[in-house]
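User: Could you walk me through this model and tell me what stands behind each label you use?

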Amino acid sequence: REMAGVVAILEKCEAAEMWCFDPAVKRVDEGVVTVASALPAWVDEATLCAPQAVVRRETGIEPSVSFVASRDEFGATRVLEARIAERLGLEGHRGLMQQVLYYPPNASYPPHTDCRFDRAGAQVWGPVDERAFTVLVYASDGGGLTVFPKTGVRVRPKTGRLAFWANLDDEGNCDPLSTHAAEPSAEPKIVLQRWYERRPTLPPPNRHAKTSTRCGLDEDGRVESCRTYCASPNAAVAAEATTRAFHLWELGDYEGAEKELETALARQPRQALALVLAAQAIYARGAIIDLPEPMRTHRCRLVVRHLTTFLEDNPTGAVADEANLMLSDLAASVPTCVEEEACGG
Ligand SMILES: O=C(O)CCC(=O)C(=O)O
Ligand SMILES: [Fe+2]
């Protein structure tokens with residue numbers, strides 16, 4: 001049965017936490033999730049990111065497409081995230097960006113691992129948590145299989161089918177057994193992909209706002225496969241504004257940073273990074289207590305609103321701890337701020 005793998009793993013680990021995915025399992029487990037009814041909006045936007053004709057012409061290679069979205073950008077990403085958390089115990093705030101992968105006919109992706117520290121140079125930092133787990137949810141009934149050449153596992157795309165696996169071994173090193181590839185096929189394929197870390201994480205601004213295509217070479221130096229990355233116009237505006245906010249912040253211009261973050265939040269109201277930076281930009285000025293009323297209460301409530309929204313989506317981790325500290329500090333120093341918020345005022 002399709003569900004067997006998931007059930008077995010959840011039984012092994014009642015709390016259904018990340019630890020359930022013991023790398024010793026050395027197996028890809030399959031499950032089924034309902035792909036959110038909101039999915040079309042997400043996929044529609046992804047079609048903005050058409051593979052670039054120039055790549056095809058110059059390399060003869062059909063690029064696959066990765067449309068990259070933050071977890072708070074589309075209703076579908078939130079619904080899917082909740083299903084995955086429920087089923088697999090992978091909490092949403094441990095996940096990196098979500099991707100819609102689209103493979104036109106004949107597109108493929110060569111064997112690789114998803115580990116970051118596989119890359120040259122990254123080893124000096126030792127094992128990291130990044131991309132500890134990979135979750136795929138297929139959104140098409142055809143297309144190339146996801147294959148694991150070192151274990152012989154082959155997963156056939158089927159709408160709603162979910163495949164997940166650990167990328168790290170017991171020591172937290174990249175596990176070569178997790179090597180996988182997307183086979184070419186005459187049929188197109190759509191699959192939703194998300195990487196998860198072992199610890200809560202705050203993904204950086206969406207750097208795929210500018211469309212780009214990357215190609216990999218085979219052993220003979222020939223182009224083997226290409227992938228075009230892109231993101232939505234909203235993500236582009238939000239990412240640019242957040243990046244500008246970072247620079248202004250570094251210059252000590254908190255007011256300027258706050259303005260940029262407002263722009264980002266107007267496009268992506270629940271974007272974790274922008275929320276916490278906006279709260280800090282106001283808080284960092286340290287002037288809330290010294291403000292005259294009603295400004296003091298107004299500014300304080302704005303910080304509280306940003307932080308509580310952030311904490312709803314990101315309840316644990318180092319940044320959540322900081323957010324909670326800020327909240328209790330504000331509660332102590334500006335009682336009108338937090339008390340009335342708590343009463344819904
Ligand atoms: O499309 C697939 O089946 C796998 C994609 C993949 O491994 C990746 O994008 O890292
Ligand atoms: Fe991969």
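Analyst: Happy to; below, each label is set against its definition. This is a predicted model, in which local features need pLDDT of at least 70, side-chain atom pairs count only at pLDDT 80 or more, and totals for chains, interfaces and linings use all residues. Residues are numbered from 1 along each chain as its sequence is written, while chains are lettered from A and ligands numbered from 1 in the order in which they are written.

User: Why are H7 and H8 called roughly antiparallel?

Analyst: The axes of helix H7 (residues 272-284) and helix H8 (residues 295-313) cross at roughly 150 degrees and come within 9 Å. Angles between N-to-C directions run from 0 to 180 degrees, with axes fitted to C-alpha atoms, for helices over the stretch in contact. Under 35 degrees counts as roughly parallel, over 145 as roughly antiparallel, 65 to 115 as roughly perpendicular and the rest as oblique. H7 is therefore roughly antiparallel to H8. Helices here are DSSP runs of H or I with at least four residues, and strands are runs of E with at least two, numbered from the N terminus.

User: What makes residues of H7 and H8 count as meeting?

Analyst: Two residues are in contact if their C-beta atoms, placed from the backbone, lie within 7 Å. Among those that meet are Leu275 and Ile282 in H7, and Leu302 and Phe310 in H8. By class, this contact of H7 with H8 has 11 nonpolar, two polar and two charged residues. Nonpolar means Ala, Val, Leu, Ile, Met, Phe, Trp, Tyr, Cys and Pro; charged means Asp, Glu, Lys and Arg; the others, Gly among them, are polar.

User: How do you know how H5 and H6 are oriented?

Analyst: The axes of helix H5 (residues 233-250) and helix H6 (residues 254-267) cross at roughly 165 degrees and come within 8 Å. H5 and H6 are therefore roughly antiparallel to each other. Their contact includes Trp249 of H5 and Tyr254 of H6, and by class it has 10 nonpolar, four polar and three charged residues.

User: Why are some strands called edge strands?

Analyst: The open sheet of four strands has the order E4-E9-E6-E7, with antiparallel pairing. Strand E4 (109-112) and strand E7 (153-155) are the edge strands: each pairs on one side only.

Terms used
Two strands pair if DSSP finds at least two bridges between them.
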